[in-house]
Every structure is written in structure tokens, then in C-alpha cells.
Amino acid sequence: MPARNASPPKGRAAPLVKGGKRPDAFQYSSCGSRRRTLRLPADHVPTHPRCSGPAMIVCIGIGPGSLDYLTALGKHLIEDAEVVAGFDTVLGLVAPIIRENATRIGMNYRDQTARLDEVAALHHAGRRCVVAFMGDVHFSGFQFLERVELACGHKIDTVPGISSAQIMASRGRVCFDETTFLTFHRRGDVEPFKRHLIHALEDGRNAIVIPRPWDFMPRDVAAYALEHGIDGSCPVEVWEALTQSEASWAGRLDECTAEFSDLSIMLIRAPAEFPSQLNSPESGAIQSGAIQPGAV
Ligand SMILES: C[S@@+](CC[C@H](N)C(=O)[O-])C[C@H]1O[C@@H](n2cnc3c(N)ncnc32)[C@H](O)[C@@H]1O
């Protein structure tokens, strides 16, 4: 195995580092406009490259509920923030780690624009702000991210969290390589997403689906899939309040007719499991004698 700091083999580019700087010279943006290079001491605890400076704002995924699934970086940034904003339910989850004198800006679907304007004003006044997102920002969180960016007037960095989709994959023991993630929990036209769900299932992939409260819930998703020719015997699981007060249902696609809460996520399994392919000739495992066919 090559040493960690070895030069890249001839003909290969050196690993990319933001701004073309060495890894110990992070760059961060202040109000998204100016860029400065920050020299860090050798014993610096790595955090997010852009989470320092006079006018920091960052969007953080807090995980699916239990703070056991909040990353160390997310926790550090929330504890350190002067302003913590987010939907009321999300703020409630991180409440134990928000510092006492921090400004809390909770919001709901109706007042989010006005509340985000308050966050933007504090950010522009130089306060360290965090906007907390449920799960991971990059799973069904971009419309809210766009709202935060619109309020602030510039792009904002994200710190990923653990998504409910990942916890679903863990509970259902499915691999994302063979699984398509889809969300209907968004504003606008969801028809292309519905079509994509059918294509994914027709391709023999599993689907992890975030339903849309309250007009495209698990039973509506199941009915839609059946109407479009998906086999009613496909195994389905619906999980509620993952990592919190979990409850789950399992059955066939054509049996999925119950009502579930708005904190639910659905797994539709492919009718046949993907072969592991561990013992394919390309894996090299058999030639090396490491794995015998059928041993796993
Ligand atoms: C706007 S989406 C945000 C998803 C989030 N960004 C994530 O990565 O999990 C909100 C929906 O995600 C699903 N969800 C979020 N957390 C969940 C949990 N702990 N258990 C089950 N479903 C959850 C629910 O369907 C909820 O209505």
C-alpha cells in the first residue's frame, strides 16, 4: 500500500483541494463574496472549511432525530452558534445543545420567509448563524436551502447529516447501489418523480420513498405503483419516527393501505434481490482464494 503522503503515480493529477491550495490552507467565504486563505495550526481540529470568520452562516443536517446521529462537526457548530434557526420541530431536537444566550429562530411553513429574513439580517450583522435541517440537507432539503440562500443573497455551505433514508437503508438492510431514493415531499410538479419511481421499480431496483403529506402518502404511492403495473407482491416496509419512537409495518405492495404519520418513510423492495457478485471473476476474490463461491 503506498504511503499516505506519497506523490501521485506518474500521469495522475494530485488530489484536488479547494482553491488549489495545500490541505492545511482552507478557504472560506464571508457573505459569499470575498475569499481569504486561512492558515491553520498543525494541531487544529478539522471542522468545516467555511465555518469560521466574522459572518459565518452554515446549513447543517442534524440527523433523523436522535442526537446520537448528529455528526461531531454539526454538534460543534450548533454549540458554537450565536443564532440557531430551523423549523420548530428541528429546533426542538437540538435544543439541548444550543447555548443559553443564543438567539433561537423557529419557523413553520407559513412564516418561514419572514423568519429567514430575520436570520439573514443577523448574519449580515456579523453573527455566527446555523440553520438546522432534519436529516441530511441533500435529501429532500434543497428547497429550504434555496429559501435560506434567497434570504441571504448568496450561496451557503452545507454540513451533511445522516438522512432518514440512510437509516431506512440500515433498518431494511438494503444497499444504495441497488436502491433509488425519491422524495415527493416538495413543492411543484412531482409527475417526473412519479415516472422515475416506476422506471426504477421496472429496472428491478429497490426504492426508498419519502411520501408527501398528505396527498401522496405510502398508500397513495403503493396504489400509483400498482396502477402502473408494478407487481403487487413486492415487499414493502414503512417506518415511522426513525431513531425516535420507531414503529414499522411490513407487507406486500398490494397490502399497503394503512394510514401513517407525516414522519414516515417507505421502502419498496425489488421482487428479486440483486446477486452479490462477490464471486464474479472481476472481483478477484476467487482467484486470490479469499472467498469460495457461496461462502458468504
Ligand atoms: C422535507 S423531508 C426532509 C428529509 C430529511 N432531509 C432527511 O434527510 O431525512 C421530511 C420528511 O422526511 C421523512 N423523515 C424525516 N425524518 C424521519 C424520521 N426520523 N423517520 C421517518 N421519516 C422521516 C418524513 O417523510 C418527513 O415528512
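Two residues are in contact if their C-beta atoms, placed from the backbone, lie within 7 Å. Keep that in mind.

Now, the model. This is a predicted model: local features need pLDDT of at least 70, side-chain atom pairs count only at pLDDT 80 or more, and totals for chains, interfaces and linings use all residues. Residues are numbered from 1 along each chain as its sequence is written.

Helices (H or I, at least four residues) and strands (E, at least two) are DSSP runs, numbered from the N terminus.

Let's start with the sheet. It is open, has 5 strands, and runs β8-β9-β12-β10-β11 with mixed pairing. Two strands pair if DSSP finds at least two bridges between them. At the edges sit β8 (179-183) and β11 (247-252), each pairing on one side only. Strands β8 and β9 (residues 206-210) run parallel, joined by 5 bridges. Thr 179, for one, has Asn 206 in β9 as its bridge partner.

Next, helix α7, residues 218-227. Which of its residues are buried? Pro 218, Val 221, Ala 222 and Ala 225. Buried means 20 or more other C-beta atoms within 10 Å of a residue's own, with C-beta atoms placed from the backbone. Seen down the axis of α7, these buried residues fall within an arc of 100 degrees, so they line one face of the helix. That arc is taken from the directions from the helix axis to the C-beta atoms. What covers them? The cover includes α6 (191-202), β9, β10 and β12.

Terms used
A residue is buried if 20 or more other C-beta atoms lie within 10 Å of its own, exposed if 12 or fewer, and partly exposed in between; C-beta atoms are placed from the backbone.
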